[in-house]
Amino acid sequence: MKRLLNSPLASTAIMVLGLSLGGLFNSASAQQRNIPLDQLKSGLAYSSDEVRGLQLDDDFSSLSAHGIDKGAQLWKQVAGNSNKSCESCHGDVTESMKGASTRYPAIDKATRKLFNLEDRIRSCRQKNQKAPNWALESDELLAMSLHVNTASKGMPIKVKIDGPAKQHFDAGEKLYMARQGQLNLSCTQCHDQQYGRRLFNDKLSQGQPNAYPIYRLDWQYLASLERRLRFCYSSVRAEVPAWGHVDMRNIELYLKWRAEGLPLEVPAVRK
Ligand code: HEC
Ligand code: HEC
């Protein structure tokens with residue numbers, strides 16, 4: 001897809017897709033579900049047989065084993081001025097973190113900011129463990145979020161969008177519906193109105209966020225949801241927000257609300 005989306009040919013194809021959609025675009029009112037809950041499908045359902053086979057095959061765990069092992073190891077590693085490991089404070093990950101990943105992004109009480117899981121881990125690392133922080137998209141952070149995800153494997157996504165989260169949800173929904181970039185396409189046009197249709201060799205999925213971080217075959221490594229979203233931004237030639245920008249968190253909140261009830265896939269692979 002990367003190669004395809006970067007070619008002028010792909011731009012033309014996407015533009016045609018966009019033009020054929022012009023009349024279909026409808027502005028959704030707040031909290032209207034464009035895809036009813038009983039029709040939600042993980043991206044896995046739209047993946048090629050090869051990718052699906054990989055993820056469903058137990059041996060696939062060997063592909064992302066490196067990340068999972070690394071996360072497990074970091075969980076036990078003493079670090080920083082607290083002289084503690086994640087485990088010293090939290091204990092066994094499967095118990096202490098059960099369901100945690102299904103609830104993010106969520107408002108952080110101390111800063112009143114919207115944190116996704118990676119932000120939460122980073123904040124704990126800095127504030128509680130008092131250790132040098134991990135950069136967004138670093139190997140350590142991706143490995144740790146995968147490790148924390150293992151405690152919620154198969155559990156349904158359920159985020160809160162009321163109270164202080166409401167304004168973030170509204171902003172995320174707006175971004176999701178807005179046409180952007182040189183191709184003038186919105187997320188909803190591809191992922192609500194065209195899923196199941198082919199774009200070259202790939203089938204468009206519903207753009208669900210329930211499997212991240214994923215192992216990406218194109219990159220041969222783990223990738224966060226934010227990285228995937230940045231890719232979608234670039235594919236419509238839109239300006240990509242800075243890493244960790246609140247726009248990205250707002251869209252993530254909207255996507256997680258939209259995915260309510262979808263089980264968390266751990267580990268997962270995508271093309
Ligand atoms: C031109 C069509 C297009 C637009 C517009 C677009 N995407 Fe995508 N998106 C894709 C393609 C192609 C993929 C990779 C194959 C797939 O999962 O559909 C993808 C993948 C994704 C995925 C990963 C799905 C999975 O199962 O791993 C998410 C999440 C996503 N997009 C969200 C968004 C959001 C949010 C926006 C708006 C900012 C957006 N996309 C805009 C084409 C688009
Ligand atoms: C000194 C104790 C301490 C250490 C060390 C520590 N944490 Fe925490 N963690 C906490 C406390 C207290 C909270 C609850 C509120 C907060 O953020 O301060 C928390 C909350 C969390 C949450 C949110 C859980 C939820 O249910 O929403 C995650 C995720 C987390 N920590 C991950 C980690 C990881 C990963 C590490 C190691 C890199 C780590 N923590 C190290 C004390 C600690």
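Author: C86, C89, H90, Y104 and C124 come nearest among the 18 residues around ligand 2.
Reader: What makes a residue count as near a molecule?
Author: One of its heavy atoms must lie within 4 Å of the molecule. This is a predicted model, in which local features need pLDDT of at least 70, side-chain atom pairs count only at pLDDT 80 or more, and totals for chains, interfaces and linings use all residues. Side-chain values use heavy atoms, without hydrogens and water, residues are numbered from 1 along each chain as its sequence is written, and chains are lettered from A and ligands numbered from 1 in the order in which they are written.
Reader: Which residues coordinate the iron atom of ligand 2?
Author: H90 through NE2 and C124 through SG, at 2.0 to 2.1 Å. Donors are N, O and S atoms within 2.8 Å of the metal (3.2 Å for Na, K and Ca). Water is not among the atoms, so sites may look incomplete. The pair is 34 residues apart, with H90 in helix α5 (residues 86-90) and C124 in helix α7 (residues 117-127). Helices are DSSP runs of H or I, at least four residues, and strands are E runs of at least two, numbered from the N terminus.
Reader: Why is the arrangement around the iron atom called octahedral?
Author: Six donors are octahedral if opposite ones are over 155 degrees apart and all others between 65 and 115. The 6 donor atoms here subtend angles of 87 to 179 degrees, so the arrangement is octahedral. Ideal octahedral angles are 90 or 180 degrees.
Reader: Why is H90 called partly exposed?
Author: Buried means under 20% relative accessible area, exposed over 50%, and partly exposed in between (1.4 Å probe, protein chains only). H90 has 34%, so it is partly exposed. C124, with 23%, is partly exposed too.
Reader: Why is Q220 called exposed?
Author: Q220 has a relative accessible area of 51%, so it counts as exposed. Its phi is positive, about 60 degrees, although Q220 is not a glycine.

Technical notes. Four donors count as tetrahedral if all angles lie between 85 and 135 degrees; four count as square planar and six as octahedral if opposite donors are over 155 degrees apart and all others between 65 and 115; anything else is irregular.
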